[in-house]
Amino acid sequence: MNRRNFIENLTLGSGVMATASLITSPATGQPVQKEVVNGKVILTSDLVIAGGGLGGCASAMAALRNGLSVILTEETDWIGGQLSQQGVPPDEHIWIETHGATQLYRDFRNNVRDYYKRNYPLTDEAKARKNLNPGDGSVSKLCYEPRVAVAVLNDMFAPYLSNGKLKLLLEHKIVGADASGNQVKTLEAISLISKQKLILSAPYFVDATELGDLLPLTGTEFVTGAESKSETGELHAPEKADPENNQAFTVCFAIDFVPGENHVIEKPKEYDFWKNFVPKMSKPWSGKLLDLAYSNPKTLEPKLLGFHPEGISMGEKLNLWSYRRIINKENFKKGSYTGDITIVNWPQNDYFLGNLVGASEKDFNKHFERGKQLSLSLLYWLQTEAPRPDGGKGWPGVRLRKDIMGTEDGLAKYPYVRESRRIKAVFTVKEEHVGADNRSLVTGKKAENKAAEFYDSVGVGYYHIDLHPSTAGDNYIDFGSLPFQIPLGALLPKSMENLLPANKNIGTTHITNGCYRLHPVEWSIGESVGLLIKYALDKNVIPRVVREKRDLLTDFQIFIRKQGIETKWPE
């Protein structure tokens, strides 16, 4: 299609495009183009990606390295999603250093380590450590600062920003779409700073937003919340479906500890509420939310946690200080840090009193603000009332590190979202495919301990099925899963032809989202989606055809494996 004709058709009459399918437009391989037509600023590329989280970034990198031009939008001023704007050190499986992720994800992790080795005053021992973990957080083999994730991602994008193949629109939100039938034609973005609007056009679009925002805007079929047992047959599904039942979100923040100093914040306005708040759940919580006891995710029995801001071992109790620690001062030359730095993303600041999925802007802001109040209340409680081993109360030397999150209030730029709208997919991953117990029931082969094998696998991942307390009053739902594959069918909407998901919005259920929502899996999904779009453009077919035609599917799987995508777990 001639680009000038496309732009002219776009601006005729009501602005609705009246030409043939965009999907047949070949990839230009040219830099992102800009035109102003009838006062409208129009950006044109081979691919438009909404959402600069891990899935969006991976999708963009895969497309860019294969010659496509990309427009990438992001609501905040940081790319990186969970790792950066949401402040969550990566949740990864135990084999991550050797397998179970894409080569690009592993390159990113190595680049993070190299960034510290180049720029930070590490001890000689730490610098020599191949698998350096700057924070030595127990949650992951690689815990690091949010802004380092941003710096490394920006470095990886730098060549494409320089040659014009990538247009990165920070602090831009998608507010509209022109879609007809089974195709998206354009998206409308608005700058959250200048309020300027842009029309974004491309043959393909990717929804990598945290909440699946493009799905309702484009008319793409989706589901939300929990499906019923009768719908999915899942062992852990509820008897009754509830589209409003979504996992808690969390507003993360960073703290360090300065002994002998007083860094107690002003008492939060909702502190009295949260101090006395006892969650009402179908299976009881352990007591007050602001406490060092919580519900054991696997048994729901009360379980004690520990907190000591000097990282001291607390025996059998997990010291929350060390759990998501991103700077261990012992890894750096003496005097570099007065103390460790840790991220607070704990059971005590999970917010489940309102829904972000499908919320209006007003309700989103209301619940985000209340989530901030919960997190600030937890901080104030740690500073003034948390029990100390010596019998006293409070740690006034605990200091809110506003600089770590890059915000005035010191809280994450965006909520840590665990659940999104999900596409109605060509294939839906259910608990019977990946859940250890449910898999045994359907196969009768417990000893085999293998997840379902998908003939259309385009990636792998692993995490236990981990659902946090929900807006409908569910306590934790946490149980074993099996190392799994990512089926191509779960990335394909039933009807929409040129919009693909690249976040938590793929074809999973409320239950299986619990193991497909983690950092390396989101990255793998995004990278495979970027490669799928490249392949579909080259073959001049829609993505669904790649799955339907076995010769194309086989060829596509060879293509992605050559680019470092694992499609099977080793025996």
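Author: The crossing of helix 3 (residues 103-119) and helix 15 (residues 519-539) is right-handed. This is a predicted model, in which local features need pLDDT of at least 70 and side-chain atom pairs count only at pLDDT 80 or more, while totals for chains, interfaces and linings use all residues. Residues are numbered from 1 along each chain as its sequence is written, and side-chain values use heavy atoms, with hydrogens and water left out.

Reader: What makes helix 3 oblique to helix 15?

Author: Their axes, which are lines fitted to C-alpha atoms over the stretch in contact, with angles from 0 to 180 degrees between N-to-C directions, come within 9 Å and cross at roughly 130°. Angles under 35 degrees count as roughly parallel, over 145 as roughly antiparallel and 65 to 115 as roughly perpendicular, with the rest oblique, and helix 3 is therefore oblique to helix 15.

Reader: Which residues of helix 3 and helix 15 meet?

Author: With contact taken as heavy atoms within 4.5 Å, Leu 104, Tyr 105 and Phe 108 of helix 3 touch His 519, Pro 520, Trp 523 and Glu 527 of helix 15. By class, this contact has five nonpolar residues, one polar and one charged.

Reader: Why are helix 3 and helix 5 called roughly perpendicular to each other?

Author: Helix 5 (residues 146-162) packs against helix 3 at an angle of about 115°, with the axes 10 Å apart, and this pair is therefore classed as roughly perpendicular. The crossing of helix 3 and helix 5 is right-handed.

Reader: How do you know that strand 9 is covered on both faces?

Author: In strand 9 (residues 204-207), Tyr 204 and Val 206 point to one side and Phe 205 and Asp 207 to the other, and all of them are buried, a word that stands for under 20% relative accessible area, with exposed being over 50% and partly exposed in between (1.4 Å probe, protein chains only).

Reader: What makes strand 9 paired with strand 3 and with strand 24?

Author: Two strands pair if DSSP finds at least two bridges between them. Strand 9 has four bridges to strand 3 (residues 47-50), in the parallel sense, and three to strand 24 (residues 499-501), also parallel. Phe 205 is the bridge partner of Val 48, and Asp 207 stands opposite Pro 501.

Reader: Why is Leu 300 called buried, and why is Asp 136 called partly exposed?

Author: Leu 300, in the loop between strand 13 (293-295) and strand 14 (302-304), has a relative accessible area of 18% and therefore counts as buried. Asp 136, in the loop between helix 4 (124-128) and helix 5, has 29% and is therefore partly exposed. Neither residue is a glycine, yet phi is positive in both, about 65° for Leu 300 and about 50° for Asp 136.

Reader: What surrounds Lys 430, and is Lys 430 buried or partly exposed?

Author: Lys 430 is partly exposed, because its relative accessible area is 25%. Leaving aside residues up to four places away in sequence, Lys 430 touches Glu 231, Thr 232, Glu 234, Thr 509 and Thr 512. His 510 is 80 residues from Lys 430 in sequence and 9.0 Å away in space, C-alpha to C-alpha.

Conventions
Helix = DSSP H or I, 4+ residues; strand = E, 2+ residues; numbered from the N terminus. Left-handed = near helix turned anticlockwise from the far one by under 90°. Nonpolar A, V, L, I, M, F, W, Y, C, P; charged D, E, K, R; others polar.
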